[in-house]
Amino acid sequence: FFVNPGSDTALALAMANVIIRENLYDADYVANHCDYFDALRTLAARYTPAGAETLTGIPRDEIIALAREYATTKKAALYG
């Protein structure tokens, strides 16, 4: 799939939505090393995979699968 131009941020936030909602992140690390995580949680909550599907052109099920795979793969990286 190709991301619609200008919708990269919507994809990233929809992935963050899934990762946060499903607790697929290292909560201890976040608590000890991250500032403004609550602000990210609030922002990401507005970007559901269903809403991002419309913006990005990527099916919601693919966004969910990508988020899960990214969150559970050691040493994963994304390039924009």
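In this predicted model, helices α1 and α4 are roughly antiparallel to each other, because their crossing angle of roughly 165 degrees lies over the 145 degrees that counts as roughly antiparallel. Two packed helices are described by the angle between their axes and the distance between the axes.

**α1 with α4**

- Helix α1 and helix α4, the latter formed by residues 49–56, have axes that come within 9 Å.
- Their crossing is left-handed.
- On the α1 side, the contact is made by Ala10, Leu11, Ala14, Asn17, Val18 and Arg21.
- On the α4 side, Pro49, Ala52, Leu55 and Thr56 take part.
- Sorted by class, the residues of this contact are 7 nonpolar, 2 polar and 1 charged.

**α1 with α3**

- Helix α1 spans residues 8–21 and helix α3 spans residues 37–45; their axes lie 8 Å apart at an angle of about 110 degrees.
- The α1/α3 crossing is left-handed.
- From α1, the residues in contact are Leu13, Ala16, Asn17 and Ile20.
- From α3, they are Phe37, Leu40, Arg41, Leu43, Ala44 and Ala45.
- The class count for α1 with α3 is 8 nonpolar, 1 polar and 1 charged.

**A residue in both contacts**

- Asn17 of α1 is listed in the contact with α3 and in the contact with α4.

Notes
Residues numbered from 1 in each chain as written. Predicted model: local features only at pLDDT ≥ 70, side-chain atom pairs only at ≥ 80, totals over all residues. Heavy atoms only, no water. Axes fitted to C-alpha atoms, helices over the stretch in contact; angles between N-to-C directions. Helix = DSSP H or I, 4+ residues; strand = E, 2+ residues; numbered from the N terminus. Left-handed = near helix turned anticlockwise from the far one by under 90°. Contact = heavy atoms within 4.5 Å. Nonpolar A, V, L, I, M, F, W, Y, C, P; charged D, E, K, R; others polar. Parallel < 35°, antiparallel > 145°, perpendicular 65-115°, else oblique.
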